[in-house]
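Here is a short briefing on one protein chain. Keep the sequence and the 3D view open as you read.

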Amino acid sequence: MRTPRARTAAAVCVLLALSAPSAAANSGTGTGTGNIVVAPAVTTRDEPVTVTVHAASCRTGSASSPAFGETPLTPQADGAGGHATPAVARDVAPGSYDITVTCEDGRSVTRTAAFTVINGAVRGGDGPAPSEGTSTADLVIGGLMVASALIGGGVLWLRGEGREDRPAG
């Protein structure tokens, strides 16, 4: 009877793990100019983000967002697209922001909710320091971390249940 519960708990963990990459996939819409990748996905005000476009027809052009304005793309060394490293504006509100890339051939693509800005400022590389309280993004990230820990602990507990009944071997 223990095995179906453990398998169910393990299946839930696998489904949660598999759903995370799909949430980070390119949700852009446009004319097929390629993928827009933003790193880091969560940042603070006045910090740079790296925008990379993977499309040979988009080596130059511009990337724009309400969080950092418009910035030119620089061709990648391998010729497979362009990149930029704009800084998030100091006065931008916390939340998710879209990025629109306009390529040299005039086509454009938008990635919705490409990155999230949270409250805080980086001081001496120690990470974000709260400046205006907890944002919704902070609560969602914390909640997901707690849920993952509870599920993982439940799986370990279920796997360890009844071990004293097993013969040593």
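Which residue in β10 is the bridge partner of I99? The partner is R111. Keep in mind that this is a predicted model. The briefing starts with the whole fold, then moves to the strands, the core, the rings, the disulfide and one threonine.

**Overall fold**
- The protein contains two helices and twelve strands.
- Read along the sequence, the pattern is α-β-β-β-β-β-β-β-β-β-β-β-β-α.
- The protein has 169 residues, and 27% of them count as buried.
- Take the contacts with a separation of 6 or more: residues 24 or more positions apart account for 56% of them.

**Strand β9 and its partners**
- Strand β9 covers residues 95-103, and β10 covers residues 108-118.
- Seven bridges pair β9 with β10, in the antiparallel sense.
- I99 and R111 are bridge partners in this pairing.
- β9 and β10 form a hairpin, with four residues between them.
- G106 sits in the turn and has a positive phi of about 90 degrees.
- β9 is also joined to strand β5, residues 61-65, by four bridges.
- β5 and β9 run antiparallel.
- Here A63 has V101, in β9, as its bridge partner.

**The largest nonpolar core**
- In soluble globular proteins, nonpolar side chains tend to be buried together.
- The largest nonpolar core in this model has 22 residues.
- Which of its members touch the most other members? They are I99, V101 and F115.
- The elements that give two or more residues to this core are β2 (35-39), β4 (50-54), β9 and β10.

**Aromatic rings**
- A pair of aromatic rings is described by the distance of the centres and the angle of the planes.
- The whole structure holds two aromatic pairs.
- One of them is formed by F68 and F115, and this pair is stacked.
- Their centres are 6.2 Å apart, with 20 degrees between the planes.
- F68 lies in the loop between β5 and β6 (69-72), while F115 lies in strand β10.
- The two are 47 residues apart, and the pair links distant parts of the chain.
- Are F68 and F115 buried or exposed? Both are buried.
- F68, Y97 and F115 form one aromatic cluster.

**The disulfide**
- The count of disulfides comes to one.
- C58 and C103 form this disulfide, with their sulfur atoms 2.0 Å apart.
- C58 lies in the loop between β4 and β5 and C103 in strand β9, so the pair ties together parts that are 45 residues apart in sequence.
- Why is the disulfide left-handed? The torsion about the S-S bond is about -90 degrees, so the disulfide counts as left-handed.
- Both C58 and C103 are buried.

- T116 is placed in strand β10.
- Its relative accessible area is 15%. The cut-off for buried is under 20%, so T116 is buried.
- The side chain of T116 makes a polar contact with the side chain of S96, at 3.3 Å.
- Leaving out residues up to four places away in sequence, T116 touches A41, V42, T43, G95, S96 and A137.

Key: Residues are numbered from 1 along each chain as its sequence is written. This is a predicted model: local features need pLDDT of at least 70, side-chain atom pairs count only at pLDDT 80 or more; totals for chains, interfaces and linings use all residues. Side-chain values use heavy atoms; hydrogens and water are left out. Buried means under 20% relative accessible area, exposed over 50%, partly exposed in between (1.4 Å probe, protein chains only). A polar contact is a pair of N or O atoms within 3.5 Å; within protein, one must be able to donate a hydrogen and the other to accept it, and residues adjacent in sequence count only if both atoms are side-chain atoms. Contact means heavy atoms within 4.5 Å. A nonpolar core is a set of buried Ala, Val, Leu, Ile, Met, Phe, Trp, Tyr and Cys residues joined through side-chain atoms within 4.5 Å. Two strands pair if DSSP finds at least two bridges between them. A disulfide is a pair of cysteine sulfur atoms within 2.5 Å. Rings of Phe, Tyr and Trp (its six-membered ring) pair if their centres lie within 6.5 Å; planes under 30 degrees apart count as stacked, over 60 as edge-to-face and the rest as tilted.
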